[in-house]
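Subject: Structure for you to look over

Hello,

Here is the structure we talked about handing over. Please open it first, then read my notes below.

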Amino acid sequence: MLINLLDPVILLQLHRFKVQEELKIKAKKQIKILRDTEFYGTAYKGVAAWKGLVAEFICSDELSKVYDVQLAASGIDFDTPHEYDMIVDNIKIDIKCATSNANWNICPNVHSVDNNSAQLYIGCRYISSSDGDFVEIHGAITREEIMKCTKKSYYDPKKPFYEVPFHIMKPINKLKSNI
């Protein structure tokens, strides 16, 4: 099973992966294409969206090493849009990333969570440091658990989000950090 519901010690189970420069370049190219669409204008205000794509790529790659991945995360795909990033063990997964060192939660859009088909969300954080950039995979949480979290709205009152702290996520024990 993808998440171990019996192990709540998330900080001890944190997985950290070094970000390679080619992933940053790939993600930034995809975001540049996205910027030319109407969707980008309000959806990512104040967010370094390319960092979220890097987290998707790394998370997908690492999960594929230890789980049966039917659909790997590919970043932005305008030809085959879907409401989740990947499918693992027949579970539709959406990968969310805090893009600031100071953030200790993910903030999925309320409408997306309430109306999408993703069953599980994986929470990541992009870390920039003097030692390089890293993606931390903090854990997983079900759609139902997210819907119990606090709703907030900062940038656009019409687009509230759930504030989902990392400490309530369940660890993904099979992953192994690469640092």
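How many bridges join β5 to strand β9, and do they run parallel or antiparallel? Two bridges join them, and the strands run antiparallel. In one of the facing positions, Asn105 stands opposite Pro165 in β9. Two strands count as paired if DSSP finds at least two bridges between them.

Some ground rules. This is a predicted model: local features need pLDDT of at least 70, side-chain atom pairs count only at pLDDT 80 or more, and totals for chains, interfaces and linings use all residues. Residues are numbered from 1 along each chain as its sequence is written, and side-chain values use heavy atoms, with hydrogens and water left out.

The overall picture

The chain has five helices and nine strands. Both are DSSP runs, numbered from the N terminus: helices are H or I with at least four residues, strands are E with at least two. Along the sequence the pattern reads β-α-α-α-β-β-β-β-α-β-β-α-β-β.

Of the 179 residues, 45% are buried. Buried means under 20% relative accessible area, exposed means over 50%, and partly exposed is in between (1.4 Å probe, protein chains only). The accessible surface comes to about 9600 Å², and 53% of that belongs to carbon and sulfur atoms. Those areas come from the Shrake-Rupley method with a 1.4 Å probe; for residues, only the protein chains shown count as cover.

Take the contacts in the chain with a separation of 6 or more: 66% are between residues 24 or more positions apart. A contact here means heavy atoms within 4.5 Å.

β5 and β9 belong to an open sheet of three strands, in the order β5-β9-β8, with antiparallel pairing. β5 (105-106) and β8 (150-152) stand at the edges with a single partner strand each, so one side of each has no neighbour in the sheet.

Strand β6 (residues 120-129) is mostly covered, with eight of its ten residues buried. Six bridges join β6 to β4, and these two run parallel. Arg125 in β6 is the bridge partner of Ala98. Ten bridges join β6 to β7, this time antiparallel. A hairpin of two residues connects β6 to β7. Ser129 has Gly132 in β7 as its bridge partner.

β7 (residues 132-142) also pairs with β1, antiparallel, over four bridges. Lys18 stands opposite Phe134 in β7.

In a regular strand the side chains alternate between the two faces of the sheet. β1 (residues 15-18) has His15 and Phe17 on a covered face, with Arg16 and Lys18 on an uncovered one. His15 counts as buried because its relative accessible area is 7%. A polar atom of the His15 side chain lies 2.9 Å from the backbone oxygen of Ile172.

Helix α3 (residues 49-64) has 16 residues and reaches 23 Å from first C-alpha to last, close to the 22 Å expected at 1.5 Å a residue. The expected span is 1.5 Å times one less than the number of residues. α3 is mostly covered: 14 of its 16 residues are buried.

A search of the whole structure finds two aromatic pairs. Trp50 and Tyr126 form an edge-to-face pair, 5.4 Å centre to centre with 75° between the planes. Trp50 lies in α3 and Tyr126 in β6, so the pair ties together parts 76 residues apart in sequence. Trp50 is buried at 16% relative accessibility, and Tyr126 is buried at 0%.

Trp104 and Phe166 form an edge-to-face pair too, at 6.4 Å and 80°. Trp104 is in the loop between β4 and β5, Phe166 in the segment after β9, 62 residues apart. Trp104 is partly exposed at 46%, whereas Phe166 is buried at 2%.

For the cut-offs, rings of Phe, Tyr and Trp (its six-membered ring) pair if their centres lie within 6.5 Å; planes under 30 degrees apart count as stacked, over 60 as edge-to-face and the rest as tilted.

One loop to check

Asp89 is in the loop between β3 (86-88) and β4 (91-98). Its phi is near 50°, positive in a residue other than glycine. Asn90 sits in the loop between β3 and β4, with phi near 65°. Asp89 is partly exposed at 30% relative accessibility, and Asn90 is exposed at 62%.

Best wishes

Notes: Polar contact = N/O pair within 3.5 Å; in protein donor to acceptor, adjacent residues only side chain to side chain.
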